[in-house]
Amino acid sequence: MTSTPKRKTPEELRSHRWYGAKDLRSFGHRSRTAQMGYHRSDYAGKPVIAIINTWSDINPCHGHFRQRAEEVKRGIWQAGGFPVEMPAMSLSEPFQKPTTMLYRNLLALETEELLRSYPADGCVLMGGCDKTTPALLMGAISMNLPSIFLPAGPMLRGDYKGQFLGSGSDTWKYWAELRAGNLSEADWQGVEDGIARSPGHCMTMGTASTMTSTVEAMGLTLPGAASIPAADSRHAQMASLTGKRIVEMVWEDLKLSDVLTPASYDNGVVTALALSGSTNAIVHMVALARRSGFELPLARYDELARGTPVLANVRPSGQYLMEDFFYAGGLRALLRELGDLVDTSQRCVNGHSLAENIEGAQTYNADVIRPRSNPLLAADGLAVLRGNLAPDGAVIKPPAATPALLVHTGPALVFDDYNDMNARIDDPDLDVTADSVLVLRNAGPQGAPGMPEWGQLPIPKKLLAQGVRDMVRLSDARMSGTSYGACVLHIAPESYVGGPLALIRTGDLIQLDVPARQLNVLISNDEMATRRALWVAPPPKFERGFGAIYLKHVSQADKGCDFDFLETLPVKDVGANVSASNGEPEIH
């Protein structure tokens, strides 16, 4: 006979330390809760559920989260919990400068400390816009309370003259045509007005959909949650069901550490690869794994890429959009198609195995979600490169590149930073041809700072006029998951800290060989050593505030760009240290 897992008693709840004691401090907690209009019966003996909401007026991807939080609360109330909504930094990808990546770790830290310092028994993490997903999970993993992720969902398909538009991907496409003189200002305005027409994150396979799909495959959402469009009423239903489930997770004491294993991280990587997902996922997955105490080296990513077919025919690598992906069966169908490439024995936050969660899933459009017998690409949704230009690795997304450029040798055209590139790229006298290799440096974690999405360097205007639409481009930056092109990214170590990219000069021959996983500059070791001896470290980008903390503690791209003092630390729950005299949680 299978024994029933032991369930927590009300006295074992973490929040009981705040509300259940008979002392002056608990009197204050209860009286201030009454001040907010709640009766003791609303919370006494019930799990307190923190809803970490990244809604804000300047985050269109999360524009529906104010309402979704109410639907989460409905589910929590119905399941016998006490919901407490806590706003957190929003990280709005379209607006925040220089990049949301600069602040990912700040949101992670804020999430961890919100959960640590308040009487939370469990939490619902509301995210979706690119960096919110990894940030919320990084903080929750470190705190290790029962936690469940609620993805924002993709927006509806864009529309322009009867053509479906995809976030980012079509922006870059039509921008190139505008610069080439092939698109009128009126048409450009039409694209602007029609490309984003509902709440939700990018509906291409950008970083947002890549990460939310990945965390579903890792078991951290309700099954099917990541694929539902934000505007679909089923998304609201999912929010309420998420609220109900977290209450049960608290009673079961089902924590993220009970779900996340090396195998579940592999499942996440394989899923991202089968989606031909964003290159940004590599940085975030490495950071998440290190928070869990696991190493996820770039070599493991590349190993899995060599054996994982691309099954999602979704832009920018494919043809369709996330709305089509949902109608075709969504992530559950894709996971079923992957079969033995994922470990379906892994436990998920709903208490079931991944196998149970995808049982019965069907594909309704085999062109959108391909079977393994007819993949969009047999392997290599992403590739990790090494060589004398990237001793600690670099990444490229082969399906998004022009195939002829995957093996290429050409002269470097070096831009010292983004401003230099922006000032010169359209100069009619720029010495550049289609064979040139555009190089952008000082765009990495410290150099930019924050490693912005500058890696899809624009094609020079003079080449656009000649019909050129792709070139080999190198940088220590990232690029949007919605971007495309032969862009080599995340070169580590970055140029700002003296990586080999800092030593490249215009005219040096750059050799890219994606099948061989090589990226090299064709100069001698002696010449490289001579240049290194002449290199002078640039001054720090910040002297105060969060930026100064960031520069001192951020790791390089191959290590996930997390803060060194937050990785794999043992969690110390200060709520567990209660003063015998007054019940106040002591902070050490």
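In this predicted model, Leu464 lies in helix H19, which spans residues 461–464. Leu464 has a relative accessible area of 2%. Buried means under 20%, so Leu464 is buried. Beyond its neighbours within four places in sequence, Leu464 is in contact with Ala176, Arg179, Ala180, Ile459 and Arg469. Leu464 and Ala434 are 30 residues apart in sequence. In space, their C-alpha atoms are 9.7 Å apart.

In soluble globular proteins, nonpolar side chains tend to be buried together. The largest nonpolar core holds 114 residues. Within this core, Ile52, Leu115, Leu220, Met285, Tyr301, Phe325 and Leu334 touch the most other members. Helix H13 (residues 280–291) gives the core its largest share, eight residues.

Residues up to four places away in sequence are not counted here. On that basis, Leu334 touches Thr271, Ala274, Leu275, Leu311, Ala312, Phe325 and Ile369. Phe325, like Leu334, is one of the core residues that touch the most other members.

Helix packing was examined next. Two packed helices are described by the angle between their axes and the distance between the axes. Helix H9 (residues 207–217) packs with H13 at an angle of about 35 degrees. The axes of H9 and H13 are 10 Å apart. The crossing of H9 and H13 is right-handed. From H9, the residues Thr207, Thr210, Met211 and Thr214 take part in the contact. They meet Asn280, Ala281, His284, Met285 and Leu288 in H13. By class, this contact of H9 with H13 comprises four nonpolar and five polar residues, with no charged ones. Met285 of H13 is also listed among the core residues with the most contacts to other members.

A second pair is formed by helix H12 (residues 262–274) and helix H14 (residues 298–306). Their axes come within 10 Å and cross at roughly 55 degrees. H12 and H14 are therefore oblique to each other. The crossing of H12 and H14 is right-handed. On the H12 side, Asp266, Val269, Val270, Ala272 and Leu273 make the contact. Their partners in H14 are Arg300, Tyr301, Leu304 and Ala305. The contact of H12 with H14 has seven nonpolar and two charged residues, and no polar ones. Tyr301 of H14 likewise belongs to the core residues that touch the most other members.

Definitions and conventions
Residues are numbered from 1 along each chain as its sequence is written. This is a predicted model: local features need pLDDT of at least 70, side-chain atom pairs count only at pLDDT 80 or more; totals for chains, interfaces and linings use all residues. Side-chain values use heavy atoms; hydrogens and water are left out. Axes are lines fitted to C-alpha atoms, for helices over the stretch in contact, and angles run from 0 to 180 degrees between N-to-C directions. Helices (H or I, at least four residues) and strands (E, at least two) are DSSP runs, numbered from the N terminus. Angles under 35 degrees count as roughly parallel, over 145 as roughly antiparallel, 65 to 115 as roughly perpendicular and the rest as oblique. A crossing is left-handed if the near helix is turned anticlockwise from the far one by less than a right angle, and right-handed if clockwise. Contact means heavy atoms within 4.5 Å. Ala, Val, Leu, Ile, Met, Phe, Trp, Tyr, Cys and Pro count as nonpolar, Asp, Glu, Lys and Arg as charged, and the others, Gly among them, as polar. Buried means under 20% relative accessible area, exposed over 50%, partly exposed in between (1.4 Å probe, protein chains only). A nonpolar core is a set of buried Ala, Val, Leu, Ile, Met, Phe, Trp, Tyr and Cys residues joined through side-chain atoms within 4.5 Å.
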